[in-house]
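Colleague: I have not looked at this one before. Can you take me through it?

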Amino acid sequence: MRIYLASKRRLAVSAVALAVGSAVLVPATAMAAGRHHGGQPTTWTLSGQVAPASLKGGPWTLGQTPATYGSPTAGYCDASGNVTRNPGTELFQPAYFPNVTGSGQHLTGFFDYRPKDTDEAVLAAKSDDGGKTWTYQGQALESQKGQCPSPDLNDDGQGHPTVLHVGGKDFLYTLTRPTADTPGSQLLVHRIDSDAKNPLAKLPAAQAVGTGAATTLTAAVTLPAATIPAAATSAFEIPGTVRVQTSAGLQDVRCTDSTATSFTGCTGGTGSAASGAAVITYPVVPAGAQATTGLVSPDGILGVLPSKGVGGKDAVTVLYVEKQLSYFQTADQANACAVPFATLNQIGEGKNKAPYYGNNEDRSTVRSATTTDGIHFVDHGPVNGLGDNESTSATATRFVSPSGTVVKNPDGTLGLFYAAGNCYDGDSDGFHYIGYATSKDGVNWTIVDGFTNPLLAVDTTFPQTTPALYYSGRIYGPQVVLGHDGKTATMVFAGYRTPKPLPKPGTALGTNPSALYTVGANDLASYRSILTVTLTTK
């Protein structure tokens, strides 16, 4: 069974800054490496320094112009309005949620390419040096193909890519963001060929997804029009695209805002539309794709467990993350996050509005499920031991990120590399630390490297040297590939410079009042970046 998981000067300067920044990713100290006698679990430890990855070829990257907090999409389009490409070798960003497999130093990866508020796509690349440098192979399922950055766009396409090999077929799973994590939502499924030169070659280059909403015009409109009156707008995702039926056919119109009965700030489209004409969005499940069944509000696949046949068929069992959006509805609901706004605001999170002050109201649960055909899953319920999804403690694992790796340890046990967070992050993405847990059965887990002794962790003190630190804010998506000896491994993961991808210039960040970092307009906008480090065990 397989799971498929710039100029030289600019790259060199950025790499030096990244090397300094990697100091905030602290190695665990409470556990030594190696298998221990007396029933102690197999453990892993970092070996060597965290290194930023680079990408040769492919789409636009942050380092080309470069992008700054004051100009976060600098160079995305040229002076003629054409979307640019990576001209050579640049730092591998903006990309995250890696899904990596391979052998030794030879890796194959699928990545969530996502320029903030602009676009999203799935990117494939390969590496022959343990993830330090990657060569672009292909890109597909782009949500905003050919569009230059604009306030009427968003980056809600298909994300969190994972590839599984089931019954002799390769399946790519993606999260459809406009409807993600709502009751009844499922992952999208695409057939690919993981062994092809470009594994994504058979997929559509562009494939938008939406909420599947529909309404009608309440007055005649000639496009383009800044305001489009409609019967109801609440089911549409705005900023975003609405599709209006006109005399010129179905037209894509991009709008920046809406009222209860109109779309506003709209551009694009042509032709006239009568009162009562249809207004729709892109479907939840686009043509050519399928949707899984049986999963419970999946946010993505966390890892793959060893499986036995079911009814004479090959089976694949996965760990996945169920996310219940806005699970905590009232201020007095037991176990709701209730961190003061002043505390969240130190890291740039939160909103100064009662009762939650921008706390996270979601609920995250790790579950397992099995499939024999890649489409239909049988859910087995929650697994045990991977934190407490209702704990409000500052050192409790409350949220687990939907991207990790299960490995088989030298002693025959299972090891899970995962990312997680707590209430004090103000977000349910689970980006505070990378940890490690063990299990004998894939159901009952014991955390070895957790919140207080992580393999890697963020540093929200933001010391005065923060302008040189690129990965102090977020860290997640650990993908681990074992070496040939089973005692060494490569870990590829993602990091951000700040908790939010693009904090506003002038924002003061930091939990240490005497060492705050004020975001500068000319500071490099470094987020959704791919990094690598080696691991060892005895």
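This is a predicted model: local features need pLDDT of at least 70, side-chain atom pairs count only at pLDDT 80 or more; totals for chains, interfaces and linings use all residues.

Colleague: How many disulfides does the structure hold?

Modeller: There are three, a disulfide being a pair of cysteine sulfur atoms within 2.5 Å. With the bonded cysteines numbered in sequence order, the pairing is 1-2, 3-4, 5-6.

Colleague: Which cysteine forms a disulfide with C77?

Modeller: C148 does, and the two sulfur atoms are 2.0 Å apart. The pair links distant parts of the chain, 71 residues apart: C77 is in the loop between β2 (54-56) and β3 (89-91), and C148 in the loop between β7 (133-140) and β8. Strands here are DSSP runs of E, at least two residues, and helices are runs of H or I, at least four residues, numbered from the N terminus.

Colleague: Is that disulfide left-handed or right-handed?

Modeller: The torsion about the S-S bond of C77 and C148 is about -105°, so the disulfide is left-handed.

Colleague: And C255, what is its partner?

Modeller: C255 pairs with C266, with the sulfur atoms 2.2 Å apart. C255 is in strand β15 (residues 249-259) and C266 in strand β16 (residues 262-267), 11 residues apart. The torsion about this S-S bond is about 110°, so the disulfide is right-handed.

Colleague: Are C255 and C266 buried or exposed?

Modeller: Both are buried; that means under 20% relative accessible area, with exposed over 50% and partly exposed in between (1.4 Å probe, protein chains only). C148, at 25% relative accessibility, counts as partly exposed.

Colleague: Which cysteine is joined to C337?

Modeller: C423, with an S to S distance of 2.0 Å. C337 counts as buried at 2% relative accessibility, and C423 also counts as buried at 2%.

Colleague: Now the sheet. In what order do the four strands come?

Modeller: The order is β8-β9-β10-β19, in an open sheet with antiparallel pairing. Two strands pair if DSSP finds at least two bridges between them.

Colleague: Which strands stand at the edges?

Modeller: β8 (158-166) and β19 (290-291), each with a single partner strand, so one side of each is left without a neighbour in the sheet.

Colleague: How many bridges join β9 to β10?

Modeller: Five, between residues 169-176 of β9 and residues 188-192 of β10. F171 has R191 in β10 as its bridge partner.

Notes: Residues are numbered from 1 along each chain as its sequence is written. Side-chain values use heavy atoms; hydrogens and water are left out.
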